[in-house]
Amino acid sequence: MQVMKWSVIALAVAAGSTQMAMASSQSESKGFIEDSSFNIFNRALYMNRDYKNGADTTTDGASAKRNGYSEEFGLGIRLLFESGFTEGTVGVGFDAHSLSSIKLDTGKGRAGIGQFDRNGLGQAEDTQSEVGGAIKFRVSDTVLKHGNMIVESPVLSTDDSRILPEVATGTMITSNEIEGLELTAGRFTAISSQRSTDRDTYGLTSINLLGANYSFTDNFSGAIHASDVEDHYKKYYVNLNYNLPLAEEQALNFDFNAYRTSDTGKKLSGEVDNTIWSLATAYSFGAHTVTIAHQRSTGNTGYVYGFNGGVDASGTIWLANSVQYSDFDREDENSWQARYDIDMATFGVPGLSFMTRYITGTNITVRDSKTGVITAKNAKEHEFNVEAKYVVQEGAAKDLSFRVRSAIYRADSDQNGSYGADNNDVRLIVEYPLSVL
């Protein structure tokens with residue numbers, strides 16, 4: 001199967017290189033400097049969690065007991081340079097980045113929700129910085145990149161839910177030689193977490209990935225991806241998305257996502273046996289969108305994110321009920337979501353939007369974390385989210401955005417602690433992208 005997919009990539013590259021009469025990205029290259037860009041992305045994020053049952057959220061043994069409350073406030077500054085490609089049959093370029101975080105407020109008793117690294121005393125670091133880069137080559141519409149990079153694949157997606165993103169180290173090839181078809185393949189050997197400047201925070205062995213996205217029509221697309229984390233697990237993903245236009249300013253959208261994950265090799269992540277899928281149906285009419293989603297997990301374990309004994313590395317999961325706090329992906333869990341979005345541009349306030357949703361999960365199997373013995377078979381959890389966002393539309397502050405996110409998460413006594421403690425999660429996010437070149 002893997003050989004066949006690599007053959008498809010090779011054929012796509014060959015097809016693109018033989019059709020010289022057709023324009024390609026490389027043939028239209030203006031040069032290394034002429035096509036370069038330099039952007040500065042600023043994100044300020046205030047985040048707190050109020051653990052309503054007074055749970056001890058200490059994670060490293062160095063911090064004092066927090067008495068059920070965590071709070072962090074920081075600023076992240078990203079400097080992102082992307083060169084163009086040199087002219088010719090094979091274009092050469094490079095990308096470079098600098099990621100810096102500044103602690104604005106937190107304390108030893110309140111730290112530990114993923115914004116900052118901590119010292120041996122459990123105190124959040126005042127500042128952190130890391131730099132990285134990648135060299136890249138382009139032939140026709142195929143790009144090969146090697147080095148440090150942000151990755152967006154359903155089977156390896158660097159997380160960007162805090163002030164700074166995760167960064168992966170490895171090699172990635174992306175081919176768009178055939179219209180409507182994007183092929184990807186990669187191998188990565190390290191991932192730096194959002195709160196650390198380590199090159200490889202999680203002790204990753206290696207992860208190989210393959211993927212294909214194809215637009216069958218303007219309204220129907222599909223994707224299939226696979227990854228193999230050496231001595232941990234193999235993961236497969238499939239997506240189908242269909243948009244059905246109705247009357248003027250009305251449409252139905254159907255989005256299906258599914259994962260299959262199973263252990264392999266030395267089973268360094270323990271037993272892994274999970275199949276999980278979601279189906280979301282969204283009805284949009286004018287400024288309004290109403291979404292109903294169902295998600296179901298089966299197998300002998302819940303969904304597995306990370307590479308090292310359950311560490312939440314690259315914790316993004318492309319499912320409908322992956323929301324602000326919970327992903328509703330525990331063993332045997334069934335969950336439903338009802339969501340409502342409104343775009344206030346229709347009412348004369350462009351840039352302002354609101355969202356609210358409620359998700360409930362049932363039938364969760366809970367096991368003892370040490371023995372694996374089942375302790376409950378019908379645990380429950382639920383979450384309520386409210387969001388508001390405003391993006392400045394014009395002027396010197398164009399694209400400056402303000403976002404408020406609120407989550408109320410509760411679980412019954414059987415489930416509480418298996419995924420996380422009851423909590424109210426509040427995030428205030430200010431983002432300001434600047435284009436220098």
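Hi everyone. When I say two residues are in contact, I mean that they have heavy atoms within 4.5 Å of each other. Please also keep in mind that we are looking at a predicted model.

Let's start with Asp425. This residue sits in strand 20, which covers residues 423–435. Is Asp425 buried or exposed? Asp425 is buried, because its relative accessible area is 0% and the cut-off for buried is under 20%. What does it touch, if we leave aside neighbours within four places in sequence? Asp425 is in contact with Met47, Asn48 and Arg49, with Gln324 and Tyr325, and with Arg405, Ser406 and Ala407. There is also a polar contact to point out: the side chain of Asp425 meets the side chain of Arg427 at 2.9 Å.

Now for the aromatic rings. How many aromatic pairs does a search of the whole structure find? The search finds 13. One of them joins Phe216 and Phe220, with 4.9 Å from centre to centre and 25 degrees between the planes, and this pair is stacked. Phe216 is partly exposed, at 47% relative accessible area, and Phe220 is partly exposed too, at 27%.

Last stop, the surface. Which residues make the nonpolar surface patch of about 380 Å²? They are Val90, Phe94, Ile135, Phe137 and Leu144. Two strands each supply at least two residues of this patch: strand 3, residues 90–105, and strand 4, residues 127–139. Val90 is in strand 3, and Val90 counts as partly exposed because its relative accessibility is 43%, which falls between the 20% and 50% limits.

Begin at Asp425, buried in strand 20. Finish on the nonpolar patch, with Val90 as one of its members.

Conventions. Residues numbered from 1 in each chain as written. Predicted model: local features only at pLDDT ≥ 70, side-chain atom pairs only at ≥ 80, totals over all residues. Heavy atoms only, no water. Phe/Tyr/Trp six-rings, centres within 6.5 Å; stacked < 30°, edge-to-face > 60°. Buried < 20%, exposed > 50% of the residue type's maximum accessible area, 1.4 Å probe, protein only. Patch = residues over 30% accessible without salt bridge, like charges linked within 9 Å, V, L, I, M, F, W, Y side chains within 5 Å. Areas by Shrake-Rupley, 256 points an atom, 1.4 Å probe, with all protein chains shown as cover. Salt bridge = Lys/Arg side-chain N within 4 Å of Asp/Glu carboxyl O. Helix = DSSP H or I, 4+ residues; strand = E, 2+ residues; numbered from the N terminus. Polar contact = N/O pair within 3.5 Å; in protein donor to acceptor, adjacent residues only side chain to side chain.
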